[in-house]
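Here is a short note for your review. Please keep the sequence and model open as you read.

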Amino acid sequence: MNRTFSIGGVHPHDSKISRECAIEPLPIPETVWISVAQHIGAPAKPIVAVGDTVKVGQPIAEPGGFVSAYIHSSVSGTVKSIAPRKDLAGNAQLCIEIQVEGDEWLESIDRSDILKTDFTDDNKAIVEKIRQGGVVGLGGATFPTHVKLTPPPGKVCERLIINGCECEPYLTSDYRTLLEKGREVVVGTAILKQVLGVDTATIAVEENKPEAIAYLNKLLPEMRKISTKYAGISVMSLRKRYPQGGEKQLIDAVMHRQVKSGGLPIDVGAVVQNVATALAVYDAVQKNKPIIDNSVTVTGECFPRQANLLVRVGTPLQYIIDYLGGFPAEAVKVISGGPMMGKAISNLDAATVKGTSALLFLTEKQTRRAPESNCIRCGRCAEACPMGLEPFLLNPLARAGMTDELEKNAVQDCIECGCCLYSCPANIPLLDSIRQAKAQVMGILRARAAAAKAAAGK
Amino acid sequence: MSQTIIWTIAILTVLGLLLAIILWFIAERFKVVEDPRIDEVEKVMPGANCGGCGFAGCRAFADSAVKAPNLDNHYCPVGGNEVMQKVAAILGHEVKEKAPMVAVVRCNGTCEARPTVNDYDGLASCKVKAALYAGDTGCSFGCLGCGDCVNACTFGALSMDPVTGLPVVDETKCTACGACAKACPKGIIELRPKGPRGMRMYVSCVNKDKGPAVKKACANACIGCSLCEKTCTHGAIVFENNVAYIDPSKCKLCRECEAFCPTGAIHAVNFPKPLDAAAVKARVQERKKKAAEAAAAAKAAQEAPAKPIEKEA
């Protein structure tokens with residue numbers, strides 16, 4: 001029996017209908033809008049001016065702080081404007097608009113398909129290359145990777161986990177990446193392994209992707225023959241269960257270690273990186289290619305043509321939809337990401353960002369929420385919660401705004417996976433209220449920490 | 001027999017006295033000295049415990065008011081000047097009269113004027129909705145319509161208008177405690193002075209987007225044309241981030257800005273007569289014409305004496 005995490009979780013229907021679609025590059029649109037806030041942390045600061053000509057891969061915005069990232073031009077052309085534009089959720093974000101002219105890349109970028117297995121840079125240089133490449137965690141949180149690779153002093157990393165679970169239904173971009181760019185992912189893994197100074201790295205893949213597991217198992221011995229740098233990398237097949245791709249759940253599944261409330265994965269000696277991030281690291285370090293594109297699954301039963309597309313960052317969503325045959329008539333909801341954790345898109349004029357992993361089209365029947373009824377205290381939500389919380393308790397506390405009680409009941413540990421909402425037979429929008437309460441409590445905790453820091457400084 | 005009774009009485013008396021002395025000592029030792037005025041102040045408070053004053057409740061307010069050297073930082077918005085006079089009388093302080101305030105909803109985006117561009121079927125809470133996305137209309141600043149303000153009001157002064165989808169303030173019930181303003185995640189509700197006989201003017205929009213974008217999202221929004229600012233002769237209109245704001249301390253209620261507002265974003269309430277926009281516009285135009293003539297005359301007068309000087313030279 002394959003391993004999995006110890007508590008909670010649900011088994012939503014797989015629905016990976018785009019799994020056989022190979023990743024195809026999307027033609028470059030006429031105009032792209034590249035947001036300067038594509039990552040967690042401070043927004044980047046534009047370093048180009050209106051009227052400048054830029055090439056593919058040229059940095060156009062620099063980090064606005066330590067936890068921030070470089071942004072690069074994904075196309076070649078002229079900067080037309082730097083102005084706020086509405087993002088996927090309709091909120092205005094500063095965007096750099098570039099009118100596309102041709103497809104001219106920076107000379108320093110290696111565009112060939114030749115696999116470069118040898119890396120000789122020292123760790124500092126590698127981290128700097130990753131930082132310069134604007135690499136962020138592509139598993140969903142878009143946390144700047146170079147920050148994650150600089151563990152706080154005193155913490156020792158024992159194992160690197162490459163997250164290939166893709167436990168969300170419908171999503172197939174990581175799966176396709178493993179199949180088509182497996183070698184590059186392994187090289188990226190070896191680079192990350194060296195930077196973190198660990199001997200073991202585990203590529204964790206759920207058992208519903210046997211082709212990917214078989215391919216990696218065939219690949220790894222070949223890679224080991226090339227260099228000793230590839231020793232210690234293994235594949236682990238995990239039982240299918242959502243939310244296995246959650247950082248803390250994955251560590252539990254792979255290492256049988258639990259990250260304490262408020263702790264970081266490094267506290268238990270683990271660092272988790274996504275498959276797509278490993279590929280981005282390979283590109284940045286071996287090919288000098290920053291993140292300018294990412295693979296996006298476009299899917300949904302009602303969508304005419306399933307696809308896994310290689311999309312330039314900043315491509316308007318409408319352009320992608322038009323390319324694949326237009327907006328399906330039955331679709332009523334478009335989700336950025338998977339159906340469990342993805343966010344509904346309210347603005348189709350918005351452009352993609354680095355973290356856009358999927359566009360999912362759902363029909364009225366699939367998406368409409370049933371009317372809410374009373375909690376019958378069945379406890380299914382508490383059973384499903386992978387963080388061991390009690391959503392049936394948190395929900396009324398959240399609605400009453402009882403922040404002290406919420407904090408005592410660890411609302412800040414919620415990973416917003418949606419298992420509670422998924423399993424509730426009374427259709428109570430548990431996650432809606434809990435997510436909001438979590439944000440509120442996190443704000444209080446941050447304010448408290450800042451106050452404590454200020455007091456200590458005095 | 002009688003001896004037993006005597007002994008019993010004697011022992012009980014001694015015991016009672018002893019315990020009384022112990023209790024007296026304890027009472028003296030652990031005495032909590034509380035200013036009796038706290039109770040008096042609390043008695044005159046409205047007792048709503050709404051927290052509108054910034055304290056945890058009426059008792060906390062009374063406690064703080066008694067300890068404070070003056071009443072500058074203490075004001076009960078619910079009780080208003082009347083209650084504050086009583087509090088001042090008890091504490092022997094002076095208290096400044098404050099203009100009575102009222103909650104004002106600064107969004108005019110009715111269902112008709114501001115069409116929805118998507119459906120929201122999550123939890124009916126503005127807070128939750130605001131945390132998720134910009135809202136179900138094209139305007140990312142306006143009312144979300146889930147009624148968090150209505151739920152926050154302990155005085156029953158707010159209700160949602162089913163036709164417009166916007167909250168309505170009942171002036172007679174509103175105590176300006178500010179709970180609704182705090183509850184609104186978009187910061188639409190503002191506490192403004194009630195004004196003479198309840199007459200007041202305000203810009204009923206907080207959209208900071210630029211004109212064309214605003215116009216697309218909502219027909220009743222402030223589009224930032226700044227016509228009102230140019231019209232106002234009292235300097236009461238402040239223009240910032242593409243949205244006008246009427247400073248209530250400077251506004252003279254002349255309604256000229258209202259007449260010129262192309263979208264009807266400027267609201268005037270409790271005026272006895274409806275606005276005769278044409279007359280006001282004519283009046284302003286006349287004034288401008290006269291001012292222009294006066295300016296031309298002044299210019300001519302300035303230039304006129306200059307010529308003779310030239311001749312003399």
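Predicted model: local features only at pLDDT ≥ 70, side-chain atom pairs only at ≥ 80, totals over all residues.

1. Residues are numbered from 1 along each chain as its sequence is written, while chains are lettered from A and ligands numbered from 1 in the order in which they are written.

2. Helix α1 of chain A spans residues 123-132. Helices are DSSP runs of H or I, at least four residues; strands are runs of E, at least two; both are numbered from the N terminus. The buried residues of α1(A) are I126(A), K129(A), I130(A) and R131(A). Buried means that 20 or more other C-beta atoms, placed from the backbone, lie within 10 Å of the residue's own. Their cover includes α2 (145-148), α4 (182-196) and α7 (275-286) of chain A. G134(A) follows α1(A), with a positive phi near 60°.

3. Strand β7 (residues 77-86) of chain A runs antiparallel to β4 (residues 53-54) of chain A, with two bridges. Pairing requires at least two DSSP bridges. T53(A) has T78(A) as its bridge partner. Nine bridges join β7(A) to antiparallel β8 (residues 92-100) of chain A, and R85(A) stands opposite Q93(A). Five residues lie between the strands of the β7(A)-β8(A) hairpin, where G90(A) takes a positive phi near 90°.

4. The contact between the chains takes 11 residues from chain B and 13 residues from chain A. Contact means C-beta atoms, placed from the backbone, within 7 Å.

How values were computed:
Buried ≥ 20, exposed ≤ 12 C-beta atoms within 10 Å, placed from the backbone. Contact = placed C-beta atoms within 7 Å.
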